[in-house]
Amino acid sequence: MDGPSLAPLLGFGCRGDRGRLTTTTHQNALHPLRRRANSCGPSDQRYPSLFTPTTLPPPPNASGALLLSSYLLVNFLLPRMRLHNNMDSSENPTFRSGLRPPQIHASTTSSYLTEITSSEANARAQPTGLPQKRTHKGSVSHPDAKRKTLLERAAEPHKPAGLPRPAATAIKGSSIAALHAETTQRHAFSKTIGPGAKPPAVTRAPTSMGFSSSTIARPRGRTTARPHTSMATREPDSAPSSPSKKGWDVDGRLSEFESQFKVMKEAFEGTMTDRKALEEAIDIAKSRANDLEQKKQQLEDQMDELRHQLDSQRDEISSLQQDKHRMSLEMEAERMKHKYQLEDKERELRHEVEKVQRELQSRIDQLTREHRETIEAIERRHRAELADEQAQKARELGELRTRLGAEQQDLSLELTKKSREVQEMRAQIEELQLDLDREQTLKKTLQNQMTEMSTNNMVLEDRVRSLQAKIEFLESDSKQQSDSFAAMEARLQEALRVADEARQKLIKEETERRVLFNKYQELKGNIRVMCRVRPILDPAEGEGAKIAFPDHKTSSQIDVTGPEEKNSLGAVTRRVLPFEFDRVFDPSVTNEEVFGEISQLVQSALDGYNVCIFCYGQTGSGKTYTMSSPDGMIPRATHMIYDTITKLREKSWSYTMEGSFVEVYNEELHDLLTPPGPGKQPRLEIRHDDQRKQTTIVNCKTVALDSPDKVEQMLRQAQNNRSVAATKANERSSRSHSVFMLRITGENSATHERCEGTLNLVDLAGSERLKHSQAEGDRMRETQNINKSLACLGDVIEALGRGSGHVPYRNSKLTHLLQYSLGGNSKTLMFVMVSPLEAHLKETITSLRFATKVHNTHIGTAKSTKKLRSTTPESNGR
Ligand SMILES: Nc1ncnc2c1ncn2[C@@H]1O[C@H](COP(=O)(O)OP(=O)(O)OP(=O)(O)O)[C@@H](O)[C@H]1O
């Protein structure tokens with residue numbers, strides 16, 4: 001037997017399957033024997049088992065010989081020696097040799113086996129962390145319960161070597177598997193080699209062989225020197241066939257046996273030494289096995305604990321899952337309950353909301369009714385108050401007018417009388433002068449005659465006396481005449497003084513009239529809005545809108561029936577929208593009547609105020625007709641100005657007028673009095689004079705208007721230039737704002753008063769909204785600019801009405817240009833032009849709303865730019 005047979009017991013092998021070595025890290029520390037065992041080469045596979053049968057062919061090396069020798073010594077020689085020494089040979093074949101077989105305690109074996117088991121278990125065991133393998137029946141398998149560890153199996157009593165080993169021990173490979181065959185072969189060995197028939201060593205513990213074989217495994221170096229036994233030389237089949245021949249040479253064989261015994265003894269001693277070493281190794285292995293056992297126990301405890309924890313956690317998980325399931329069921333039930341409750345609540349709330357809505361609606365209706373009634377009552381009251389006030393004002397105005405008229409009449413009568421008197425006196429003076437001249441001529445003639453007569457003194461002495469008497473007479477008559485002339489002169493001077501006083505009074509009264517007139521204008525409001533509805537020119541234009549003029553007395557209201565509306569009940573209704581302005585002109589009103597209403601504003605311009613009259617409304621509503629038609633506001637205003645200027649000359653006022661005509665197109669200023677030439681037109685720039693509150697346009701042509709013809713000429717020129725600038729004149733007029741600016745400067749030679757006023761007559765572009773016009777491209781840009789400038793105009797008026805510190809004049813060219821005609825120092829009149837057509841109803845309502853907004857604006861008190869020179873008539877010595 002060699003080392004390889006022990007190696008498996010120690011937990012490591014040196015068989016061909018080296019991969020199964022498990023304790024390679026400390027195997028060399030265990031024992032030299034183990035090192036030897038480990039160092040054995042593949043050739044050792046020839047000795048596959050601890051129980052290699054002796055009947056096998058003898059080993060080719062010394063170890064095999066030693067094994068054979070010890071076997072012989074144990075089984076044959078020692079029993080005989082015991083016999084020889086009258087020793088009782090036991091029936092037990094195990095102790096037949098007299099040597100105590102090495103005791104391999106169950107614990108020792110088990111410790112080795114434990115190591116094996118551990119190593120195998122390491123290879124096979126499932127990690128504790130993994131779920132336990134379940135049987136096909138679903139129950140958790142408990143390997144401890146079903147399978148015994150090698151340690152346990154090792155601790156069991158040894159089975160007879162001849163019995164077949166369980167399949168699990170086949171891990172030892174051929175060494176254990178060959179055990180059965182070994183037994184049979186050993187019979188054959190004892191029969192062939194033993195001295196006689198010996199009982200087969202069936203019951204002999206195989207471990208004794210294993211340990212004894214380790215001694216054989218030691219390299220003694222003597223194996224080669226060992227004498228050949230008879231066994232080595234014996235022919236294989238000679239022993240059974242010729243026992244008598246060997247039996248005769250007893251001495252030889254004895255000596256041979258003795259020598260062999262010696263050798264065996266030495267071998268035995270060596271074996272004993274090895275045994276001690278092995279025992280030590282076993283002790284170490286035992287302690288290690290104990291340690292490992294403890295560790296295993298600990299691990300098992302831990303595993304039990306972990307398993308217990310796992311079980312408890314599993315239980316917990318399952319209970320939690322049950323809880324979860326239960327809770328989810330409860331939640332579902334709760335959710336459903338809530339859902340139903342929510343639905344109930346929703347239903348309730350909906351009912352409640354509907355109820356509240358109904359209540360609110362009825363309350364709103366009631367309030368609306370009440371409100372409407374209140375508004376109507378207030379309106380009625382206000383209207384009555386307004387009518388009273390208007391009547392009172394009209395009365396006052398009438399009185400004022402009457403008084404003024406009477407005064408003016410008195411004054412003019414007196415003036416006429418005085419003038420007549422003056423003229424009479426002048427005529428008398430002229431007559432007297434003529435008389436005086438005649439008399440003087442006569443006197444001269446007489447004096448000449450006297451001279452002639454004195455020359456003829458001598459001759460005509462008698463005649464001289466008579467002539468002297470005559471002269472005396474004539475001289476007394478001349479004195480009388482001179483007295484009469486002086487009296488007449490005094491009377492003339494008196495008449496002139498009275499006339500002058502009357503003129504002074506008249507001038508003073510003219511100034512007072514202006515003040516009173518301005519006050520009257522202020523009472524009317526500095527921004528006035530008038531509405532004009534043009535007539536339907538042709539039935540082909542379309543259906544007329546429902547427009548009514550209910551207030552015949554004051555002509556200040558217009559009722560427009562709005563578009564169709566559907567109320568909440570689905571009924572189609574049309575609301576009547578009332579609008580109120582300073583004056584409303586129905587379609588029958590002519591330009592002359594319209595001008596009658598605005599002539600006072602023109603007068604204000606003459607009195608030194610800035611006046612702005614502009615027409616607002618959609619395209620085709622009659623703006624141009626009202627402003628620039630031959631009998632429109634511009635020609636009428638200029639004619640009126642000329643007439644007034646002429647009249648005012650009597651009152652020492654002399655006026656100059658100059659006009660310019662510009663167009664604001666796409667936020668750019670164009671001069672309508674300069675024909676558009678081929679080159680680049682000079683850029684027009686707006687300049688404001690803050691002191692004089694006047695606006696001038698740099699590079700803009702200004703025409704001196706010294707006759708009515710000039711105005712008409714200017715209007716024609718502007719119209720022509722506008723036509724040239726646009727492809728279609730009407731289109732251009734619709735898309736641009738035209739501004740006629742008339743600057744009036746007056747000076748009173750008597751009072752040295754000076755006034756500067758401006759009359760701006762503006763024809764605004766069409767106010768239709770972009771969304772309605774559906775314009776595109778250039779047209780869209782034009783419409784955007786128009787809308788922007790109109791919106792800016794509205795903003796400016798609103799800011800002025802609010803009394804805001806900042807008025808956004810500069811937001812558009814138009815408002816920038818009209819800055820001093822819209823602000824505090826101005827009187828503004830807006831005509832909102834209305835188309836009578838149903839098709840234009842929406843735009844009409846929009847325009848009227850815008851105009852209402854302007855109408856509700858109050859612009860600050862206007863101030864005349866009247867200036868007084870430092871020299872007054874009194875200081876002039878008059
Ligand atoms: N009160 C009126 N009486 C008679 N005809 C009128 C009256 N108002 C306007 N018209 C006529 O209606 C037509 C359109 O008027 P007008 O050209 O003045 O409108 P508009 O508002 O100036 O249009 P646009 O913005 O295009 O210049 C013209 O033929 C004009 O003669």
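The model is predicted, so local features need pLDDT of at least 70 and side-chain atom pairs count only at pLDDT 80 or more, while totals for chains, interfaces and linings use all residues. Residues are numbered from 1 along each chain as its sequence is written.

I begin with the core. A nonpolar core is a set of buried Ala, Val, Leu, Ile, Met, Phe, Trp, Tyr and Cys residues joined through C-beta atoms within 7 Å. Buried means 20 or more other C-beta atoms within 10 Å of the residue's own, with C-beta atoms placed from the backbone. The largest such core holds 77 residues, and C531, I613 and A851 are among those with the most contacts inside it. Leaving aside residues up to four places away in sequence, I613 touches I598, L601, M633, L761 and L829, contact being C-beta atoms, placed from the backbone, within 7 Å.

Just after α15, G608 has a positive phi of about 100 degrees.

Helix α24 spans residues 841–855, and A851 is one of its buried residues.

Finally, the hairpin. Strands (DSSP E runs of at least two residues) β7 and β8 have two residues between them, and N666 in the turn takes a positive phi of about 50 degrees. V664 stands opposite L669 in β8.

Notes:
A residue is buried if 20 or more other C-beta atoms lie within 10 Å of its own, exposed if 12 or fewer, and partly exposed in between; C-beta atoms are placed from the backbone. Two residues are in contact if their C-beta atoms, placed from the backbone, lie within 7 Å. Helices (H or I, at least four residues) and strands (E, at least two) are DSSP runs, numbered from the N terminus. Two strands pair if DSSP finds at least two bridges between them. The expected span of a helix is 1.5 Å times one less than its number of residues.
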